[in-house]
Amino acid sequence: SPRTTPPYARNAVIQITFSEAIDPTTVAGAISKPENTQKKDVSKIRVRECANTETSCPDTATLVEGNVKISNQYQTIEFLTSVLCGKNSCGNDVFCLPKEKTITVRAPSTTPNGLSGIVDLSGNALDGNKNSTADGSPTDDKTWSFPIGTSVDLTPPTIEETAPVNKTPGVLLDEPLRITFSKSLMPSTFQVPAIRLESLVGGTLQAENLWRQIKTLQPNTNT
């Protein structure tokens with residue numbers, strides 16, 4: 001869910017981080033209303049809206065249309081609505097959730113046929129209640145709700161800290177490079193060419209801790 005103080009900004013990105021890699025075919029893709037025949041509903045994730053006087057939305061509430069992306073080595077998914085509501089500081093489109101509404105997200109576990117919900121890359125069903133038992137849907141469905149306000153967050157993130165410190169001499173060849181940002185970021189943007197190492201040949205880029213806004217660049221010392 002969003003990582004700020006409620007009620008959340010309308011352009012908050014809904015994020016879910018799993019304990020291991022998830023089968024992307026069960027989460028990534030479009031979420032569309034049944035009457036929308038122009039889009040194919042692919043993702044098993046459900047995002048619904050209802051009045052902000054409600055603490056959670058029923059399964060009959062209106063679906064919020066959008067798309068689910070998967071990143072962070074298949075462990076994190078992000079939902080963005082399809083409702084355009086402006087431009088950010090870089091001139092890119094901003095997409096918004098409905099204002100002054102309660103949003104309920106449901107990440108469904110799977111039923112015995114293994115086709116209706118979220119599974120890992122070995123086909124194990126989502127353990128939504130964390131009891132270490134595959135109870136299946138609906139027992140293991142993960143559902144939560146949160147309020148959306150009226151504001152749109154257009155404040156760009158800044159870099160608060162880097163490690164090693166700029167121009168530090170004698171850095172070890174296998175020392176990870178870390179960047180700490182001022183805000184939570186979308187892990188799907190943690191990729192080349194968003195970040196470049198001008199003098200490094202090889203290496204990997206990953207999110208070490210999404211909520212502390214830290215990226216790790218692990219040099220490849222064999223090159």
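Which cysteine forms a disulfide with C85? In this predicted model, the partner of C85 is C96, and the two sulfur atoms lie 2.0 Å apart. The torsion about the S-S bond of C85 and C96 is about 60 degrees, so this disulfide is right-handed. C85 belongs to strand 7 (residues 84-87), whereas C96 sits in the loop between strand 8 (93-95) and strand 9, so the link ties together parts of the chain that are 11 residues apart in sequence. The two cysteines can be described by their accessibility: C85 is partly exposed, at 28% relative accessibility, and C96 is buried, at 1%.

A search of the whole structure finds two disulfides. Besides the link of C85 and C96, a disulfide is formed by C50 and C57, with a distance of 2.2 Å between the sulfur atoms. The link of C50 and C57 is left-handed, with -80 degrees about the S-S bond. C50 is buried at 10% relative accessibility, and C57 is buried with a relative accessible area of 9%. When the bonded cysteines are numbered in sequence order, the pairing reads 1-2, 3-4. A further cysteine, C90, counts as exposed, with 64% relative accessibility.

The protein contains zero helices and 14 strands. The order of elements from the N terminus is accordingly β-β-β-β-β-β-β-β-β-β-β-β-β-β. Of the 223 residues in the protein, 36% are buried. Among contacts with a separation of 6 or more, 61% are between residues 24 or more positions apart. The protein exposes about 12900 Å², of which carbon and sulfur atoms supply 50%.

The largest nonpolar core comprises 24 residues, and I45, V47 and V105 have the most contacts inside it. Two or more residues of this core come from each of strand 1 (14-17), strand 6 (76-81), strand 9 and strand 10. For V105, the contacts beyond four places in sequence include I14 and I16.

Three salt bridges are found in a search of the whole structure. In one of them, the side chains of R106 and D141 meet at 3.2 Å, N to O. The pair links distant parts of the chain, 35 residues apart: R106 lies in strand 9 (residues 101-107), and D141 lies in the loop between strand 9 and strand 10 (142-148). R106 is partly exposed, with a relative accessible area of 24%, whereas D141 counts as buried at 15% relative accessibility.

Another salt bridge joins the side chains of K183 and D153, at 2.8 Å from N to O. K183 is placed in the loop between strand 12 (177-181) and strand 13 (204-209), and D153 in the loop between strand 10 and strand 11 (159-163), so this pair ties together parts that are 30 residues apart in sequence. K183 counts as partly exposed at 23% relative accessibility, and D153 counts as partly exposed at 33%. In the remaining salt bridge, the side chains of K87 and D93 meet at 2.6 Å, N to O. D93 is partly exposed, with a relative accessible area of 37%.

The loop between strand 9 and strand 10 also holds S109. S109 is buried, with a relative accessible area of 1%. A polar atom of the S109 side chain lies 2.9 Å from the backbone oxygen of L126. Leaving aside neighbours within four places in sequence, S109 is in contact with S116, G117, I118, A125 and L126, as well as with G136, S137, D140 and D141. One of these partners, D141, is the residue whose side chain meets that of R106 in a salt bridge.

Terms used
Residues are numbered from 1 along each chain as its sequence is written. This is a predicted model: local features need pLDDT of at least 70, side-chain atom pairs count only at pLDDT 80 or more; totals for chains, interfaces and linings use all residues. Side-chain values use heavy atoms; hydrogens and water are left out. A salt bridge is a side-chain nitrogen of Lys or Arg within 4 Å of a carboxyl oxygen of Asp or Glu. Buried means under 20% relative accessible area, exposed over 50%, partly exposed in between (1.4 Å probe, protein chains only). Helices (H or I, at least four residues) and strands (E, at least two) are DSSP runs, numbered from the N terminus. A nonpolar core is a set of buried Ala, Val, Leu, Ile, Met, Phe, Trp, Tyr and Cys residues joined through side-chain atoms within 4.5 Å. Contact means heavy atoms within 4.5 Å. A polar contact is a pair of N or O atoms within 3.5 Å; within protein, one must be able to donate a hydrogen and the other to accept it, and residues adjacent in sequence count only if both atoms are side-chain atoms. A disulfide is a pair of cysteine sulfur atoms within 2.5 Å. Accessible areas come from the Shrake-Rupley method with a 1.4 Å probe; for residues, only the protein chains shown count as cover.
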